[in-house]
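Student: I would like to go through this model and ask what stands behind each label. Please set each value against its cut-off.

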Amino acid sequence: MKNKSLLSLLITFLCSCLLWGSGSCKIALPTSTPQEVVKDSIAERMLLYQRNNGGWPQPGGNAIDYNKTLPEALKATLRTEKNNLDATIDDQATTREIKTLVSTYKKTHNLAYLQAAERGINYLLTAQNPAGGWGQFYPDTSGYRKHITFNDNAMIDVMWLMKSISERVNDFENVDKSLIPRAKVAVEKGINCILKTQFIQKGKLTAWGAQHDRTTLLPAKARAFELASLSGSESVGIVRFLMSVDNPSPEIRKAINAAVAWLDASKIVGIKTQDIVDATQTKGKDRIVVADPNSTVWARFYDLETNKPFFTGRDSVPRATLAEIENERRVGYAYYGTWPAKLLSTEYPNWVQKWGK
């Protein structure tokens with residue numbers, strides 16, 4: 001009965017429309033409007049800096065401050081520099097932008113950010129060399145830029161990113177699915193490169209240098225004060241990545257155990273560095289080594305043959321003590337540090353408990 005009443009009302013309404021004209025019978029229908037594109041200021045600046053090959057530069061050797069507003073003149077300049085071949089992975093360049101863009105896409109659903117991140121990923125996949133490593137720059141292969149670069153965790157940053165893509169974690173679940181198998185292959189090749197570059201010292205497996213020749217795979221020189229050596233810093237990041245591998249192979253286990261043994265044997269007990277005021281120096285300060293029975297440190301560089309720490313200034317001459325190199329390098333570079341401390345005290349024991357030696 002109720003349905004008949006509703007039908008009767010509808011017929012009456014339609015008849016009225018026909019009798020009096022459509023002007024009195026306007027029915028409001030829902031209309032669809034294009035969804036507004038959400039923009040993020042930092043992501044927009046990243047798009048401006050991105051090169052056409054997909055990577056990002058590091059202008060002047062310094063990380064880009066994306067929090068700074070860009071003047072119109074600089075924006076115009078960046079548009080003209082799109083074809084520059086100066087993209088790099090130094091100091092998290094390219095990896096930082098990719099991670100930021102995929103996270104920002106997840107918040108804004110702005111497709112331009114996801115597409116830019118995918119171009120960056122493709123750039124990194126292309127930049128991986130036949131040995132499985134990444135140079136500091138690509139396609140620029142001049143000087144030390146072509147070396148497999150562990151320095152400042154450059155290659156390891158890329159490895160973590162590729163691992164996230166292959167596992168679809170850390171906001172990478174939205175990237176093009178065709179990138180996943182390619183990222184898995186890149187990780188496998190990268191691990192193989194890491195295993196092959198681990199330095200054998202007098203028949204004993206040890207650690208890694210800050211950079212390695214992409215052909216011989218041996219430790220190589222970079223800047224004047226960065227001679228071929230074993231690193232008490234970069235080796236830590238490499239071991240941490242290897243320890244992240246599930247069900248590690250015998251080769252990976254051997255590499256981890258050997259590197260940890262080397263780091264433990266290479267520790268220096270009883271000293272620390274201390275920054276002091278020194279008005280006689282150009283920057284008004286100095287860095288000295290002082291005794292401290294409670295301190296344990298590691299050197300940045302160890303000799304490939306003797307395993308002794310050494311220190312090099314801009315003259316490329318290795319010296320036995322920090323005090324022997326110029327003040328500008330003493331206070332401007334980390335020649336000593338505690339990089340392996342947590343790895344040895346906590347992370348490695350936890351890994352052994354989980355996977356065994």
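Student: Where is F172 found?

Tutor: F172 is in the loop between α6 and α7. The model is predicted, so local features need pLDDT of at least 70, side-chain atom pairs count only at pLDDT 80 or more, and totals for chains, interfaces and linings use all residues. Residues are numbered from 1 along each chain as its sequence is written, and side-chain values use heavy atoms, with hydrogens and water left out. Helices (H or I, at least four residues) and strands (E, at least two) are DSSP runs, numbered from the N terminus.

Student: Why is F172 called buried?

Tutor: Buried means under 20% relative accessible area, exposed means over 50%, and partly exposed is in between (1.4 Å probe, protein chains only). F172 has a relative accessible area of 2%, so F172 is buried.

Student: Which residues is F172 in contact with, leaving aside its neighbours within four places in sequence?

Tutor: Contact means heavy atoms within 4.5 Å. On that basis F172 is in contact with I98, K99, V102, I121, L161, S164 and I165.

Student: What makes α4 roughly parallel to α6?

Tutor: Axes are lines fitted to C-alpha atoms, for helices over the stretch in contact, and angles run from 0 to 180 degrees between N-to-C directions. The axes of α4 and α6 come within 10 Å and cross at roughly 25 degrees. That angle makes α4 roughly parallel to α6. Angles under 35 degrees count as roughly parallel, over 145 as roughly antiparallel, 65 to 115 as roughly perpendicular and the rest as oblique.

Student: Which residues make the contact of α4 with α6?

Tutor: T95, I98 and K99 of α4 and D157, V158 and L161 of α6 make it. By class they divide into 3 nonpolar, 1 polar and 2 charged. Here Ala, Val, Leu, Ile, Met, Phe, Trp, Tyr, Cys and Pro count as nonpolar, Asp, Glu, Lys and Arg as charged, and the others, Gly among them, as polar.

Student: Why is α2 called oblique to α4?

Tutor: The axes of α2 (residues 41-49) and α4 (residues 95-108) come within 10 Å and cross at roughly 135 degrees. That angle makes α2 oblique to α4. The residues that meet are I42, A43, M46 and L47 in α2 and E97, T100, L101 and T104 in α4. This contact has 5 nonpolar, 2 polar and 1 charged residues.

Student: How do you know that K106 and D171 meet in a salt bridge?

Tutor: A salt bridge is a side-chain nitrogen of Lys or Arg within 4 Å of a carboxyl oxygen of Asp or Glu. For K106 and D171 the N to O distance is 3.1 Å. K106 lies in helix α4 and D171 in the loop between α6 (154-167) and α7 (179-197), so the pair ties together parts that are 65 residues apart in sequence.

Student: Are K106 and D171 buried or partly exposed?

Tutor: K106 has 40% relative accessibility and so counts as partly exposed. D171, with a relative accessible area of 21%, is partly exposed.

Student: What makes R300 and D152 a salt bridge?

Tutor: Their closest N and O atoms are 3.4 Å apart. R300 is in the loop between β7 (285-299) and β8 (301-302), and D152 is in the loop between β1 (148-149) and α6, 148 residues apart. R300 is buried, because its relative accessible area is 6%, whereas D152, at 34%, counts as partly exposed.

Student: How far apart are the closest N and O atoms of R240 and E347?

Tutor: They are 2.7 Å apart, and the pair forms a salt bridge. R240 lies in helix α8 (residues 234-243) and E347 in helix α11 (residues 341-355), so parts 107 residues apart in sequence are tied together. Salt bridges that share partners also join R51, E81 and D86 into one network. A search of the whole structure finds 19 salt bridges.

Student: What is the phi of T94, and is T94 buried or exposed?

Tutor: T94 has a positive phi of about 75 degrees although it is not a glycine. T94 lies in the loop between α3 and α4, and at 0% relative accessibility T94 counts as buried.

Student: Where does D91 lie?

Tutor: D91 lies in the loop between α3 (72-80) and α4. Its phi is near 50 degrees, a positive value in a residue other than glycine. At 35% relative accessibility, D91 counts as partly exposed.
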